[in-house]
Amino acid sequence: MSSISVKKNVREIAIIWLMAFSAFMVYTSMYGIRKPYTAASFSAFTQFGISYKVVLVTAQVVGYMVSKFIGIQFIAELDRTKRKKYILVLIGIGWLSLLLFALVPFEFKFIFMFINGLPLGMIWGIVFSYLEGRRLTDFLAAFLSVTFIFSSGLAKTIGGILLSFSFISEFWMPFYAGAIFIIPLLFFSQILNRSPNPSEEDKEHRTERKPMNKQERSIFLKEFGKLIFPAVITYALLTIIRDFSEDFAADLWKEAGYVGDSYIFTKMSSITSIIVIAGLALFYRIKKNITAFIGIHIFVFLGLCVCLLSTSLYHSGYISLFSWMLAATTGLYMGYVAKNCLYYERMLATYKIRGNVGFVMYIADAFGYLGTVVVLFVKEYATLTIKWIDFFELVFYIASIVGIILLIITMIGFYKKYNSLIYE
């Protein structure tokens, strides 16, 4: 190999790693604005006759859900020349809302938590648009996926540390925590924005990614809607558990007697991150798109099996609470991250769809967060009082069993669809 070829390969590798880390840091910065407040219990407050923590979580999730529904069109038609501007403006609005959350009278605070979620729901689609449609998208997506696991734990850990200072209240903590992430956001969004476009070889292997107009979106849904529906339901179930794990983990650990250990979130998320990224990163070595697409189904299936088995073992008293939550969370993120980052990327490439991942993903996300809102209200307003530990057991059982059934249906359906197109 000539010295010129070596230099070219080294340069390409450096660019890929820089893109991966920059995307990771930008999305971590979003989490630093979105999630620190969940480290607080707000146990001294109630509103509308229910737990104040539930009011805030619901308000933010509703805002995030609305953002996802808006994003179905916005991300599908994204003007890629304005991506950096969108990232900075949207996250800036989210951070400003936390300042107003701290300043306004108590009865209006939940409104600004809703506003906090409203712009932040767009960030994933914008960040992922830099990474999709490349031969190494699987690796880039796996690296980005760590933010779902690690960054949420990091945000809660920072929130917990700030709360240990007596002069920082639960209402001011989210704003101060968010401030820590602003400089990394500014720096790494600039680097990410200088990422090179996918090469011709990338386009040949993964299909060209471009905005989708209304007519193109309609044609896509007519062609794949029956298979997308059960896939969306599976993802919605995973989203519901993930949201509850992120937003109410502090309450679960407090209920179990783990008080004052702010680092428990980072401990668990670090271990889970390593396991999930190691598994997902291997998919970049699978060149044939249909093989990778079916492989992702199997990866999600294994994750759901881990959730089901670990929950059963904990319920039977064979493993500890920490072991259960570590195993179940790992299984959850095996499914959630694979569905979020790789599933639709490989689907578009398999069926040679000239669109973008964001459109399909935002359909799944929108209904996923809608499910979270529904379950939040059911849990809070149901006449039956249920402990957090029992509630987590219940949702892990339901999501695992239903998810496994739907996953088998979609895997068979997509494989038959591929064969019918091949032999036409």
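These notes cover a helix pair, one glycine and the salt bridges of a predicted model.

1. Helix packing. Helix H2 (residues 52-74) and helix H4 (residues 109-120) have axes that come within 6 Å and cross at roughly 35°. The crossing of H2 past H4 is right-handed. On the H2 side the contact includes Tyr 52, Val 55, Leu 56, Ala 59 and Val 62; on the H4 side, Lys 109, Phe 110, Met 113, Phe 114 and Leu 118 are among the residues involved. By class, the contact has 13 nonpolar, five polar and one charged residues.

2. Gly 125. This residue lies in helix H5 (residues 123-129). Gly 125 counts as buried because its relative accessibility is 3%, and the cut-off for buried is under 20%. Leaving aside residues up to four places away in sequence, Gly 125 touches Ile 75 and Tyr 362. Ser 316 is 191 residues from Gly 125 in sequence, and their C-alpha atoms are 41 Å apart.

3. Salt bridges overall. The whole structure holds 14 salt bridges. Side chains of opposite charge can pair when their charged atoms come close.

4. Asp 202 and Arg 135. Their side chains form a salt bridge with an N to O distance of 2.9 Å. The pair links distant parts of the chain, 67 residues apart: Asp 202 is in helix H9 (residues 200-206), while Arg 135 is in the loop between H5 and helix H6 (137-163). Asp 202 is buried, at a relative accessible area of 7%. Arg 135, with a relative accessible area of 34%, is partly exposed.

5. Arg 346 and Asp 138. In this salt bridge the closest N and O atoms are 2.4 Å apart. Arg 346 belongs to helix H13 (residues 321-350) and Asp 138 to helix H6, so the bridge links distant parts of the chain, 208 residues apart. Both Arg 346 and Asp 138 are buried.

6. Arg 209 and Glu 345. The closest N and O atoms of this salt bridge are 2.8 Å apart. Arg 209 sits in the loop between H9 and helix H10 (214-255), and Glu 345 in helix H13; the two are 136 residues apart and link distant parts of the chain. Arg 209 is buried, with a relative accessible area of 10%. Glu 345 also counts as buried, at 0% relative accessibility.

7. Network. Salt bridges with shared partners join Arg 80, Glu 132, Asp 138, Arg 206, Arg 209, Glu 345 and Arg 346 into one network.

Note on methods
Residues are numbered from 1 along each chain as its sequence is written. This is a predicted model: local features need pLDDT of at least 70, side-chain atom pairs count only at pLDDT 80 or more; totals for chains, interfaces and linings use all residues. Side-chain values use heavy atoms; hydrogens and water are left out. Axes are lines fitted to C-alpha atoms, for helices over the stretch in contact, and angles run from 0 to 180 degrees between N-to-C directions. Helices (H or I, at least four residues) and strands (E, at least two) are DSSP runs, numbered from the N terminus. A crossing is left-handed if the near helix is turned anticlockwise from the far one by less than a right angle, and right-handed if clockwise. Contact means heavy atoms within 4.5 Å. Ala, Val, Leu, Ile, Met, Phe, Trp, Tyr, Cys and Pro count as nonpolar, Asp, Glu, Lys and Arg as charged, and the others, Gly among them, as polar. Buried means under 20% relative accessible area, exposed over 50%, partly exposed in between (1.4 Å probe, protein chains only). A salt bridge is a side-chain nitrogen of Lys or Arg within 4 Å of a carboxyl oxygen of Asp or Glu.
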